[in-house]
Each structure stands twice: as structure tokens, then as C-alpha cells.
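This briefing covers selected local features of one model, grouped by topic. Please read it alongside the sequence and coordinates.

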Amino acid sequence: MNPPNFDSPLENLLALTADLRSPEGCPWDKEQTHLSVIPHLLEETYEVVDTIERGDDNHLKEELGDLLFQITFHSQLARERGAFSFQDVANDVFQKLVYRHPHVYGDQSGINSGEQVLTQWDQLKQKEKESKGKTDSDKSILSGIPKALPAIQRSEKIQSKVTKQGFDWPTVSGVFEKFQEEIGELDKELKTKGSLNLKKLPYDEHIEDELGDLFFLLVNLSRKLSIDPETCLRRANEKFETRFRHVEGLVEQTGKTLKDHSLAELDQFWDKAKLQLKEKH
């Protein structure tokens, strides 16, 4: 078959997506379901995030296209079973965004900050649920937070929700003091399970609970410091990877491998890498 040739790039993409799913289309695409392509949807989303953080506009354009295809593909799957179409998806989000921005498309008085916008957004979102009869048996303010979210992101959303109800430490120091308390509890639990001089301790449910409390508190502390925890950890990963790759380069110059050097020697390489990378910036 010939590729679509409409005047609109979006029409071409929608027609191509339908072609791939047609009887004469691609064998792989015809086999897919909403569930089977979830990994690809997640991968394309993270690749968009990666290009944004790298400030790479050329690849951002490409990755946004890949993400858009995921949306058209899911819409095509839904269209085939008579659920909805891409046009329905676009119209729904258009109507929703107009409704949730009355300060732009309606009465603009009283909204002067991003925080006020978010408060209004939550209020309007709740009204939408009530008008559509979505007030199910779960009355908790935590209902509606997707369980499939990455753990750190879901933790942040949970804590943001309860904070708006006044369930929060009044100051940063309160969170920090609780964090130190939880470290003490983890230390105590570790010492009852065995020697900390071991290279690795076996799994223990109680230790997992204490460590989980620490992770949860770190997310809370991040929020209190106006730092996105997911971004913070990604940057820490990137910083470690950059330094470690530099260490690999320094070790390669010795004609040996990483395992040929003692930990003390590797620490010296690490310090040297930190210094050299700092001088570059």
C-alpha cells in the first residue's frame, strides 16, 4: 500500500496508525494490545524526559513524535473496539483544560500565583468527579492516585494530598528531626540482626519497613526544600555515572582493570576524578 498523503501531518499519522493495524498491515502491530505496549509507552516517556534534561532540541522533537505515536496507537486500539477515537481524546482534554483554567478563559480575578492555580485545579477536578458521578465508595482524599506510578512519585503525591489537609510538620526542622529519629531506629534494628561489618545482610522484613520509612521521609524532606525528589535522584545518578566513567578512564591509563586496584586506590581515583571534573566546570 502507499503511505498516507494528506495535507495535515496529524491526519497522515492517524491514517498510518490505522494502516499498521489493518489486515494488510504490520504483523507485529496487529498483535499488540493496550497492555502489551505499556513498556513502550513508559520507555518513550522517559526518553522524552532525558532529552529535555539534556537540552537536546533535535532529539526532543524526535522523541515527542515517538510519544505521540503511542497516543495515536492506543487511540486506534480503542477505536477498533468502538470505545473512543483520537478525536475524542483531543476534544476531551481540550474541554477539560478550558474548564480548569477559568482564570484564563473566564473570570481572571483572584488568581495571582502558581500555588493558587493548583488549589483551584484540585477543586475543579473534584467538582468534575461529582458532576460525572465518579464519587465511588472510596471517599479518601488519597483516592485517584495511580498505584502504577513510580514509588517516589506516588509518595510525593500522597504527601502533597495530606499536606493540603493540614497533616504535615509545620517546619523543615520537624521533618529533619523525624528523619534522624528514623535513622536511629534503623541503626538499632540493624544491630539486632547481625554485624554491620558483613559485606551484605540477608533480607529482613523489619529492616525493610524501617528503610521504607526513611525513603518516605526523604520524599517529605525534598518537598519541604522545594526539590522534586525524582529529579534530585536522577541528577545524583547522573553525577555518579559521570564520575565513575571518569574513574574508568583514569584506571584504563594504568593498563589495569578496576578489580586490579584496591579499594583505597579506587578511592584515590575517585577523588582525582571529582577534582578534574570540578576544574572543567
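Asn-220 counts as buried because its relative accessibility is 7%, where buried means under 20% relative accessible area, exposed over 50% and partly exposed in between, with a 1.4 Å probe and protein chains only. The model is predicted, so local features need pLDDT of at least 70 and side-chain atom pairs count only at pLDDT 80 or more, while totals for chains, interfaces and linings use all residues. Residues are numbered from 1 along each chain as its sequence is written, and side-chain values use heavy atoms, with hydrogens and water left out.

**Buried residues**

- Asn-220 is part of helix H10, residues 205-224; helices here are DSSP runs of H or I with at least four residues, numbered from the N terminus.
- Apart from neighbours within four places in sequence, Asn-220 contacts Gln-159, Asp-168, Trp-169 and Val-175, contact meaning heavy atoms within 4.5 Å.
- Ser-22 sits in the loop between helix H1 (9-21) and helix H2 (27-31).
- Ser-22 is also buried, at a relative accessible area of 14%.
- With neighbours within four places in sequence set aside, Ser-22 is in contact with Met-1 and Lys-30.

**Loop between H10 and H11**

- Ser-226 is located in the loop between H10 and H11.
- The phi angle of Ser-226 is near 60 degrees, a positive value in a residue other than glycine.
- Ser-226 is exposed, with 70% relative accessibility.

**Packing of H11 and H12**

- Helix H11 (residues 229-253) packs against helix H12 (residues 263-280) at about 115 degrees, and their axes are 9 Å apart.
- Axes are lines fitted to C-alpha atoms, for helices over the stretch in contact, and angles run from 0 to 180 degrees between N-to-C directions.
- That angle makes H11 roughly perpendicular to H12, a class that spans 65 to 115 degrees.
- On the H11 side, the contact residues include Phe-240, Arg-243, Phe-244, Val-247 and Leu-250.
- On the H12 side, they include Leu-266, Phe-269, Trp-270, Ala-273 and Leu-277.
- The residues of this contact divide into 10 nonpolar, 3 polar and 4 charged; Ala, Val, Leu, Ile, Met, Phe, Trp, Tyr, Cys and Pro count as nonpolar, Asp, Glu, Lys and Arg as charged, and the others, Gly among them, as polar.

**Cysteines**

- The structure has 0 disulfides, a disulfide being a pair of cysteine sulfur atoms within 2.5 Å.
- Cys-26 is partly exposed at 26% relative accessible area.
- Cys-232 is partly exposed at 39% relative accessible area.

Conventions:
Helices (H or I, at least four residues) and strands (E, at least two) are DSSP runs, numbered from the N terminus. Angles under 35 degrees count as roughly parallel, over 145 as roughly antiparallel, 65 to 115 as roughly perpendicular and the rest as oblique.
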